[in-house]
Amino acid sequence: MAGPPKSLSGQDVGFVCFSHPVSPRPYRACRSFAYLTIKDRIPQILTKAIDTLHRHKNEFFEKHGEKGLEAEKKAISLLSKLRNELQTDKPIIPLVEKFVDTDIWNQYLDYQQSLLNERDGKPRWFHSPWLFVECYMYRRIHEAVIQSPPIDDFDVFKESKDQSFFQSQESIVALCTHLQELLSTIEDLDENQLKNEFLKFLQISLWGNKCDLSLSGGETSAQKNNIINSLEDLKPFVLVNDVEHLWSLLSNCKKIRENTSVVRVDIVLDNSGFELVTDLVLADFFLSSKLATEIHFYGKTIPWFVSDTTIHDFKWLIAQMKRSNHKWMSKCGAEWENYIRTGRWVYQDHMFWTLPHEYSTMAQVAPDLYAELQQANLILFKGDLNYRKLTGDRKWEFTIPFHQALNGFHPAPLCSVRTLKAEVQVGLQPGQGEKLTASEPGWLTSGKYGIFQFDGPL
Ligand code: F6P
Ligand code: MG
């Protein structure tokens, strides 16, 4: 039997927080959508990563000579081995390369093993919880790269992330223009007008989450049209709409706050490219409208689920904006750089975000991060993977309250802003889920529907 998992600071965590005596089982990779992800989408993503390494061969040679070429071969062979392990449903093996999170990953694997009985053997790709397997795959991609110096800082997904930004230019220009024109008159807006703009920017950030590259198997996923014109038509597709709570919370904070006190909104980021622009535009609006005084962003420490934002993507995108020929785009870039310089925007990363753990274990596994989130007046969790981790990726009934599915994770008032790309969904009205299943079998995974799901004092 494996010992109890440890926290990132090395303390024993104990099994109690990992088991859910009254919760349903997690989604497994041998079933439905999860199965298709592991069988088709993930091998496609690996093949694309291999191809990317191959195409950068000359660049590695120019930079590092023969050593660069050897490293490229090594990374490709490690990724090919990984693809083979997955496709032949081999046992999931421990990580070998020493890295900050290696021990905690291997402990988690031991923990998965401890859940099986002898007859089951070892955890395997198609028979383990989907959330664990999918996270593990991205962590193994990272391992293949760090095992291949001197190209060990190469991000195999960078190219596609950047492409998604460039291909969304028109829509980005429209967003920046809308924001900058609004900012010139923002002081004159009455309460109602301000609220309308608040709702608009939230919806833009929600639909920005359609643009992720892991659902599309790494193929381009850009926003080609002006999203602002589509918001009205998209309203019927918001299945849970708790935006009124967000407005009450922030507008009350604004009313009661003294000039000196801080109102902090934390945004747990998801995808780079177009979605990140929608999040930054929203964050800018929060500050400019004085609904918040400080924004903290959380990104990933390693390349993750193809399009997730790392510090390099964050800095790169803001620099690109600033450098743009379009005056409003470059104004946004310059102002955002200024927010960072003056500490009104803070970018933070933490290894916990790229562990397979569900968020109900954060207080034990990463108490420092939990304590950090407790400082926020509101936390926005962007995207589908965050939702899966918030709810433990379990087969909940559609009508189970969100608060219950969070299973004790309540660092501060929080809201999931997510388009649906995985089968887990809670907090629906009785019959709502069943009706959608009958009329539209793919509703849970197509990215066509979205939610603003709030948990906090009402
Ligand atoms: O398989 C699709 C998928 O990879 C899901 O596993 C994951 O939840 C989602 O895409 C990523 O979406 P997002 O970028 O919104 O977190
Ligand atoms: Mg993502």
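**View 1. Three side chains hold the magnesium ion (ligand 2).** In this predicted model, Asp 270 (OD), Asn 271 (OD1) and Asp 308 (OD) coordinate the ion at 2.1 to 2.2 Å. Donors here are N, O and S atoms within 2.8 Å of the metal (3.2 Å for Na, K and Ca), and since water is not among the atoms, sites may look incomplete. Along the chain the donors follow the spacing D-N-x36-D. Asn 271 sits in the loop between strand 2 (264-268) and helix 11 (274-288), and Asp 308 in the loop between strand 3 (294-299) and helix 12 (311-323), so the pair ties together parts 37 residues apart in sequence. Helices (H or I, at least four residues) and strands (E, at least two) are DSSP runs, numbered from the N terminus. Asn 271 is buried, with a relative accessible area of 2%, and Asp 308 is buried with 2% as well; buried means under 20% relative accessible area (1.4 Å probe, protein chains only).

**View 2. Cys 415 is shown with its closest cysteine sulfur.** That sulfur belongs to Cys 253 and lies 15 Å away, too far for a bond. Counting a disulfide as a pair of cysteine sulfur atoms within 2.5 Å, the total is zero. Cys 415 is buried, at 0% relative accessible area, and Cys 135 is buried at 0% too.

**Notes.** Residues are numbered from 1 along each chain as its sequence is written, while chains are lettered from A and ligands numbered from 1 in the order in which they are written. Local features need pLDDT of at least 70, side-chain atom pairs count only at pLDDT 80 or more, and totals for chains, interfaces and linings use all residues; side-chain values use heavy atoms, leaving out hydrogens and water.

Terms used: Buried means under 20% relative accessible area, exposed over 50%, partly exposed in between (1.4 Å probe, protein chains only).
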